[in-house]
Amino acid sequence: MSQPTQERAITMAILAMGGEGGGVLADWMVSLGEHSGYWAQTTSVPGVAQRTGATIYYVELFPRTPGGAEPILSTMPTPGEVDIVLASELMEAGRSVLRGLVTPKNTTLITSTHRVYSMMEKTSLGDGRVDSDSIIENCMKAAAKFVGGDFSKIAEESGSVISSVLFGALAGTGRLPFSRQEFEGAIERSGVGVAPSLKAFARGFDYAEKILKPAPAGVPIQIGIKPVSVEETKAVTDAAISADPVAAVGARLKKLAAHIRDTYPASVRATLVHGIKRTTEYQDVEYANEFLARIASVYELDLVHGDGSFRLTQETARYTALWMTYEDTIRVAAIKVRARRFDRIHKEARAKNEQVVGIMEFLHPQVQEVADTLPTALGKWVLGSKPVNALINRISGDGIKVNTTSAFGYTTLYILSRLRPIRRRSLRFNEEQLLIDAWLTTVMDVATTNYALACEVAETQSLVKGYGETHANGLANFNLIMAELPRTLASADPVARIRQLREAALAEESGARLRALL
Amino acid sequence: MAERSFKEEVQKLRIPAGEEFHGEGILAVTKALLQSGVSYVGGYQGAPISHLMDVLGDANEILAELGVHFENSASEATAAAMLAASVNYPLRGAITFKSTVGTNVASDALANLASGGVTGGALIIVGEDYGEGSSIMQERSHAFAMKSQMWLLDPRPNLTAIVDSVEYGFELSEYSNTPVMLELRLRSCHLHGSFITKENKRPAFTRKEAMENPRRDVSRIVLPPSSFLHEQEKINQRMPAAIQFIKDRKINEMISNGKKDFGIITQGGLYNTVMRGLQLLGLADIYGNSEIPVYVLNVTYPIIADEVEEFAKDKRALLLFEEGQPDYIEQNINSILRKADATAKLHGKDVLVMAGEYTPAVVTKGLLSFVRMYAPQLITENDLPGIVLPPDSPEHPMAIKLTPQEVHMRPPGFCTGCPERPIFSALKLAERETGKHHVSADIGCHLFSILPPFDIGATTMGYGLGSAGAAGFQDASSDKPVLAFMGDGGFWHNGLTSGVGNAVFNESNQVLVVVDNAYSAATGGQDILSSAADNPIRSTKHPIERAVRGVGVKWAKTVTNTFKVDELRDTFIDALTSKEPGPKVIVAQSECTLNRTRRERPLAAKAEKEGKRVVRERYGIDPETCTGDHSCIRISGCPSLSITANPDPLRKEPIATVLSSCVGCGLCGENAHAAALCPSFYRTQVISNPSGWDRFKTTFRNAYISRLQRGIEKRYEGIEPELVSA
């Protein structure tokens, strides 16, 4: 037998989620190959994975020679031997690396860097999102060439789907021995949504071509690869606010902002500015004053016991502002009736001018929430009165729908939002103030002996959020941890202990895991 | 109508002889059936051969032109029994289903068929659902071939090889009077490739001729004494005939010239993976020219002893690639070698793996250890493919460590807008009042209930067996009935008798929920008896409730909209607390959203274009009121309900958001109400081409609302910095 030839097939894997068009992309590749004189083979794993699960399509191409023998093509990718990997989403790109499909030896990895969150990330009570930067970094390390970008955005802007952008980026890398026209021919032959697909293809093509050009010295290659995160935008805004707090507020708050500028270090100014705006919007300037008074005493302690980071002031300010603006029916109504909300919903629904938009709210005010909003004495009476309880349950027991775009519905919410002046006398207002002060006292007590622990105690407030049952559970978990605090002080590492308890409370809603730890 | 249409692709079935056919495995198989002069075809859908059924359905017109009868069989047993038409007449018949689950169901009929034998060719195309992407228990169809003595074909994953195997499969069946199983592996079904066509053939002998000139032969019926005769026939006549045919036609392939004193034996289905492994090790080229002789078993049962002995002659060792367990072939070949006093040592599961898929990694590593044992000089040790290197080598393809904590599993789940999701939301709410119940689950999309966020369902015993799986829980001293689930697909497959009839007869107190989404949805949206759609070639619209009442169920209720969570919850509570003896059946009805959207979306777009009033709905979440606790996601699990970064400058945790893929099914609103969630959800209604009344109302409302909004904004003035105007 003669020496085996060294020819090998072009190998390509596509990672996508069910319904994302991975199959269409594979079909285009086959059409491209077959029309350009190649043997083309593709396989996929059909079945339940099509129901939202992750799927891998695999394509091999091999040049035909006239009268030449048919090559033996593989139906499965071999780790380490895949030339091109296309992923429709960042975690899927991560999956291709995890499965060894991407190697620095020969793989061009083309991926969208937007995220479609997994169920695990979505169901967390706190922030369960994985670190995109780490995945991108590993992808870049793993691949010979990496083409990453927010292809989801490009697809949306071109009125097409992600597979068209990926196909364009594939063409743009120049990794395949086919011309741009040959690529476009595959899209044209498919006959479905050709114009928008070609538009998205062109954008993908240009993107890949640009990103693969050697970057000028000193320019980090990551720029533009990942969608700009809200967190990054927030950091930029906050830096501007710290630099000039007065410019960040309106006339009514100029004095307070100047006070913040003159009194507090730059690292906490933005949080304080957000705090005064939030409390003013929620109640009035007087309330913002109360907020700053609360933080002033924490700050004094921070100056004495702190490590110069002012983390305690920062975190306490954050959670004090959030707690002081607790979610009551007045706040919900006030948010629902604002003009900016109407604008946002129109945009989100992609409604055109000639279309009519209606907004329906799903509210479920419970006896407790109604009583919370009423003046203390009246609220207590409502809670105690069986006939009133029954009446409220009859009206809202199964929930009420409010059409905010109708005159009646809007007026109802409008009136609720105008109840702000009676808030200070309401049942819940007074209860919440007592809870806030108790928590602040604890934070400050702990700060004199253990600064890091005081920061943890401050952050534990993050457990208290949501509405109805979720809020009640969160508050119960918060109280459990606060009650555990004296015992924790005696333990070897109280900071770690409190953090562990907080994470346990976030891991599972009912608090069973937290109670198991206690 | 099925989820995927093959109306266009089936036109390829008309390609004249001698041309190159490009397409998927399922189409190639259909073409091969037509080229073989098949007379009738049946089967039951299920991955990986669901689309084969869909192709056949969409090709009905072409089949009819050629005089071929096609049925969507009620079950795999029905399909298998259909092959009885080939017992007495020279009619070629083919059936198809998912295996091993379908073969389990069919095995009674298959065993009877195989006992008496066939006159016309009988082909059983099994979609072997094994390995990655499989949705069932990991077993082999091989056992069925052995126990009933049917011949098992496992062609190379190449369209020409697959098409050939259909054609010689019929011939082999006729030559040896035995039904033949054709194993189509998972990846072969959707394998895109090409082959050269032959002419489609009309069956020479027609069903009409058979029906009008009935024949019988009592010796073909499984009843003593014939049944004893059949066993002798299998061993003394049919098996030798089959072996002769396989040898004469050289169906198994001996590739390469046998230069080396060791060789490889492989199942046909694994051939491409083995050749790729050899290529990566520098022992073969892409055209299959191998330095090591390869014996390809395109027939994996029976194993041809003469061929094995011939191949093993003068060889020190053999490596067998046989996927799955038990290692039937390895045992068989060992026995042949032992009886022949052959000296070749047989390797297989020792250097590969006993359980699990033969992936390129497993195959290449196995090949390497084998060649290192017998001819290490053939291996270029400093030029090995990455996959065979030690896992800690920096050149290993998995050297970059991404952890499962960073790359999460994405198991399949209920689709956006799935009408089955609210059934389980309602059950969760009902259980708040009645307490928890034991739940017997079934096979179908509804089985996704066992996953978070629902965590409902304790066992699943097979398709249509949800009710039967609850039969053991009968105790008069308990007033807590067990719950059983069943899909409409499983119901008509066998559940009506095995479950409902059984529960009536045995006076079971169970509460049975039949999920009626108008299709056999999990397998790709095929029509069934209770489908709501008109189907030109099938009889539909037979209500499930009427069927259960027909077998004696007294308490039966149909809920026609599963999105009415309140109504469904109350129905659950009624059923679970009912004092009525016997089974309580709830038919929970709403059309599969995947099929509904595919049907309705183009219609709505057309109506909008034509200027008709069209209402589109979707849900949304107010980012300012959402506090990011995600409890709504935990009770829904909808793919369109996701998270997004918190725009609130003070909050860190992501908030819930509704993606633009939302179809406005309404469950978020129902859940917000029924579970008293939070006030953040709202529904947006967008009316295209609004009516005059719509426009009048809107003008009035907008004027009123804008006026109040101006007042509101005035009161907020002085908080945000004033915009500097020019």
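Biologist: Why is the pair B:Glu322 and B:Arg140 called a salt bridge?

Modeller: Keep in mind that this is a predicted model. The N to O distance between those two side chains is 2.8 Å. The cut-off is 4 Å between a Lys or Arg side-chain nitrogen and an Asp or Glu carboxyl oxygen, so the pair B:Glu322 and B:Arg140 qualifies.

Biologist: How many salt bridges are there across the interface of domain 1 and domain 2 of chain B?

Modeller: The rule finds 4 there. That interface also has 15 residue pairs in polar contact, both partners at pLDDT 80 or more. On the domain 1 side, the elements giving two or more residues are α7 (142-148), β6 (151-153) and α11 (226-248) of chain B. By class, that side divides into 14 nonpolar, 4 polar and 7 charged residues.

Biologist: How do you know that domain 1 of chain B and domain 2 of chain B are in contact, with their C-alpha centres 28 Å apart?

Modeller: The centres do lie 28 Å apart, but contact is judged on heavy atoms within 4.5 Å. By that rule, 25 residues of domain 1 of chain B are in contact with 27 residues of domain 2 of chain B. The two domains bury about 2,300 Å² between them, 55% of it on carbon and sulfur atoms.

Biologist: Why are strand β7 of chain A and strand β24 of chain B said to pair?

Modeller: Pairing needs at least two bridges, and these strands have 6, so they pair, in the antiparallel sense. In one of the bridges, A:Ile359 has B:Thr684 of β24(B) as its partner.

Biologist: What area do chain B and chain A bury between them?

Modeller: About 12,300 Å², with 55% on carbon and sulfur atoms. In chain B, the residues losing the most area to chain A are B:Arg410, B:Leu650 and B:His673, together 8% of what that side buries. The contact takes 136 residues from chain B and 147 residues from chain A.

Conventions
Residues numbered from 1 in each chain as written. Chains lettered and ligands numbered in written order. Predicted model: local features only at pLDDT ≥ 70, side-chain atom pairs only at ≥ 80, totals over all residues. Heavy atoms only, no water. Buried area = accessible area lost by both parts, 1.4 Å probe. Helix = DSSP H or I, 4+ residues; strand = E, 2+ residues; numbered from the N terminus. Domains from an automatic or database assignment. Polar contact = N/O pair within 3.5 Å; in protein donor to acceptor, adjacent residues only side chain to side chain. Nonpolar A, V, L, I, M, F, W, Y, C, P; charged D, E, K, R; others polar.
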